[in-house]
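Let's take a walk through a protein chain and see which parts touch which. Have the sequence and the 3D view ready.

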Amino acid sequence: MQSEQKKEIVSVRDNIDAIDDQILELLKKRLSFAKEIGKLKDSEKRAKWDPLRERQIYDRLLRDNSQIFPEDALKSIFHEIITTCRLSQKKAVVAFLGPEATFSHLAGVEYFGHSADYKAMETIDDVFAEVEKGRTRYGIVPVENSIEGAVFSTLDCFMKYKVQICGEAQLEISHNLVCRSGNIEDIQTVASHSQPLAQCRQWLRKHLPSVPTLPVFSTGAAAQMAANNPNIGAIASSLAIKTYQLQVVVQGIEDYRGNTTRFLVIGKKSPSRSGLDRTSLLIGLMDRPGALNEILTVLSDEGINLAKIESRPIKGKRWKYLFFLDMLGHIEDEKIQRGCDLLKSLCSYYEWLGSYPQAESSPPDSPADS
């Protein structure tokens with residue numbers, strides 16, 4: 001009986017191996033076709049990335065799958081395949097707030113896959129500068145967190161640098177307390193970016209009330225410090241644990257579940273319509289009563305869904321502000337184009353920051369680490 005079962009297992013495994021071989025051969029073929037598409041687009045000077053085409057691929061696969069293969073896994077597998085094939089047409093270098101293993105790095109891998117080259121920068125300003133000067137093709141920066149609100153350093157950079165938003169990503173944030181030994185008794189200081197420290201404030205007060213906290217410029221930097229000092233604990237990502245060979249003291253120490261950070265992908269040119277897009281603007285208001293209400297009325301009359309509005313002071317101009325607007329739709333959509341044309345005539349300052357595919361689920365997001 002056991003002998004027959006072993007033979008059956010061997011037979012089934014042989015079938016699996018045969019399927020794996022077929023998958024590998026098909027992946028090679030897909031990659032070669034993607035490179036061919038890249039050459040054809042080069043000859044016609046067309047953009048390499050077609051968001052609408054990618055969305056159609058995912059929709060078709062999910063429809064034909066009929067919920068047999070787990071959908072999240074299916075999307076993850078094909079995201080890596082599609083991204084790898086697209087990047088074979090032109091390699092992407094992505095700047096992020098470093099060092100390695102920050103949440104920005106993790107969001108970059110989630111968005112671009114493992115085939116992109118990642119370049120760690122010391123500050124969010126540096127990420128914007130790299131993209132503006134063309135030293136990297138893309139950058140990825142945190143813009144808001146569902147608990148702590150906007151990342152103001154990112155918003156301020158849009159006022160200083162000429163870049164466009166090319167996409168967005170959302171990352172569920174789970175904070176881990178880590179150190180070299182894995183023993184909470186060894187921790188004499190807890191280091192992290194100011195946002196994770198704020199997001200874990202209650203847990204730290206309850207479980208480590210006498211241990212001081214140390215804000216640093218990123219969770220990756222905190223993880224590096226913990227790797228070099230046995231008495232420093234860090235609040236860091238799961239990627240940092242592997243990267244810096246740290247031990248988990250406690251998993252999931254964030255005060256609120258469902259903590260999500262929204263990241264923006266910046267580059268030189270926004271993509272074409274995907275059919276499910278977001279448009280971002282930076283505007284200044286005329287110095288007159290009711291100016292903001294005027295803007296909101298225009299959007300309402302055009303049937304435009306305003307997803308976000310955030311004000312930031314203009315440096316060097318007391319009590320003067322610029323407003324960041326996020327609208328649902330693409331600049332190529334008729335009503336968005338019409339609404340934007342009206343805003344231009346009503347605003348003292350107007351800048352289109354980009355139109356780009358929405359992240360798969362768009363919560364009321366808000367900052368993050370980095």
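Which domains does the domain assignment give for the protein chain? There are two entries: domain 1 (176–253) and domain 2 (272–359), with bounds that come from an automatic or database domain assignment. Taken over C-alpha atoms, the centres of domain 1 and domain 2 are 39 Å apart.

A quick word on the ground rules: this is a predicted model, where local features need pLDDT of at least 70, side-chain atom pairs count only at pLDDT 80 or more, and totals for chains, interfaces and linings use all residues. Residues are numbered from 1 along each chain as its sequence is written, and side-chain values use heavy atoms, with hydrogens and water left out.

Now for the contacts. The structure holds 21 salt bridges (a side-chain nitrogen of Lys or Arg within 4 Å of a carboxyl oxygen of Asp or Glu). There are also 5 aromatic pairs (rings of Phe, Tyr and Trp, for Trp the six-membered one, with centres within 6.5 Å; planes under 30 degrees apart are stacked, over 60 edge-to-face, the rest tilted). Here is one of each:

| Pair | Kind | Distance |
|---|---|---|
| Asp156 and Arg312 | salt bridge | 2.9 Å, closest N and O atoms |
| Phe112 and Tyr138 | aromatic pair, tilted, 35° between planes | 5.2 Å, centre to centre |

Helices (H or I, at least four residues) and strands (E, at least two) are DSSP runs, numbered from the N terminus. Phe112 sits in helix α4 (residues 103–112) and Tyr138 in strand β3 (residues 138–145), so their pair ties together parts 26 residues apart in sequence.

Most residues other than glycine have a negative phi, and most peptide bonds are trans. Gln67, in the loop between α2 (51–65) and α3 (71–89), has a positive phi near 60°. The peptide bond from Gly98 to Pro99 is cis, with omega near 5°, and Pro99 lies in the loop between β1 (93–97) and α4.
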